[in-house]
Amino acid sequence: MNLGEYIVNLIDGILDFFQLIKDYLEDALSIFEKIKEVVLDILDYFSAKIEDLTEEASALFEDTDEEYFFI
């Protein structure tokens with residue numbers, strides 16, 4: 001093997017290595033995007049539940065006709 005072939009093989013190996021790293025990073029990015037979607041869905045769910053509970057609680061307080069005086 002002469003020097004030119006050695007350099008070409010070395011560069012091919014480096015490019016293969018970088019392609020492997022790129023593939024791993026793309027997979028990791030995909031996983032984190034899915035995690036982000038799940039977390040956002042969970043936040044939306046709990047926000048809606050809290051809003052519903054708040055509306056129910058305020059409706060209960062509005063329904064009471066009695067007035068309370070605190071001393």
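Is F46 buried, exposed or partly exposed? F46 is partly exposed, with a relative accessible area of 47%; here buried means under 20%, exposed over 50%, and partly exposed in between, using a 1.4 Å probe and protein chains only. Keep in mind that this is a predicted model, where local features need pLDDT of at least 70, side-chain atom pairs count only at pLDDT 80 or more, and totals for chains, interfaces and linings use all residues. Residues are numbered from 1 along each chain as its sequence is written, and side-chain values use heavy atoms, with hydrogens and water left out.

**View 1. The whole chain: 1 helix and 0 strands.** Helices (H or I, at least four residues) and strands (E, at least two) are DSSP runs, numbered from the N terminus. Of the chain's 71 residues, 0% count as buried. The chain exposes about 7,100 Å², and 66% of that comes from carbon and sulfur atoms. Accessible areas come from the Shrake-Rupley method with a 1.4 Å probe, and for residues only the protein chains shown count as cover.

**View 2. The aromatic pairs: a search of the whole structure turns up 2.** F17 and F18 make a tilted pair, 6.0 Å centre to centre with 50° between the planes. Y45 and F46 make an edge-to-face pair, at 5.4 Å and 75°. To pair, rings of Phe, Tyr and Trp (its six-membered ring) need centres within 6.5 Å; planes under 30 degrees apart are stacked, over 60 edge-to-face, and the rest tilted. F17 counts as partly exposed at 47% relative accessibility, and Y45 is partly exposed too, at 48%.

**View 3. A salt bridge between K22 and E26.** The search of the whole structure finds 1 salt bridge, meaning a side-chain nitrogen of Lys or Arg within 4 Å of a carboxyl oxygen of Asp or Glu. The closest N and O atoms of K22 and E26 are 3.9 Å apart. Both residues sit in helix α1, 4 residues apart, or about one turn of the helix. K22 is partly exposed at 42%, and E26 is partly exposed at 43%.

**View 4. A nonpolar patch on the surface, with I7 and L10 among its members.** Its residues, including Y6, I14 and L25, have about 1,100 Å² of accessible area together. Patch residues have over 30% relative accessible area and no salt bridge; like charges are joined within 9 Å, and nonpolar side chains (Val, Leu, Ile, Met, Phe, Trp, Tyr) within 5 Å. I7 lies in helix α1 and is partly exposed at 41%.

**View 5. A patch of negative charge made by E33, E37, D41 and D44.** Asp and Glu count as negative and Lys and Arg as positive, while His and the chain ends are not counted. A charge is placed at NZ of Lys, CZ of Arg, CG of Asp or CD of Glu. D41 belongs to helix α1, residues 3-63, and is exposed, with a relative accessible area of 53%.
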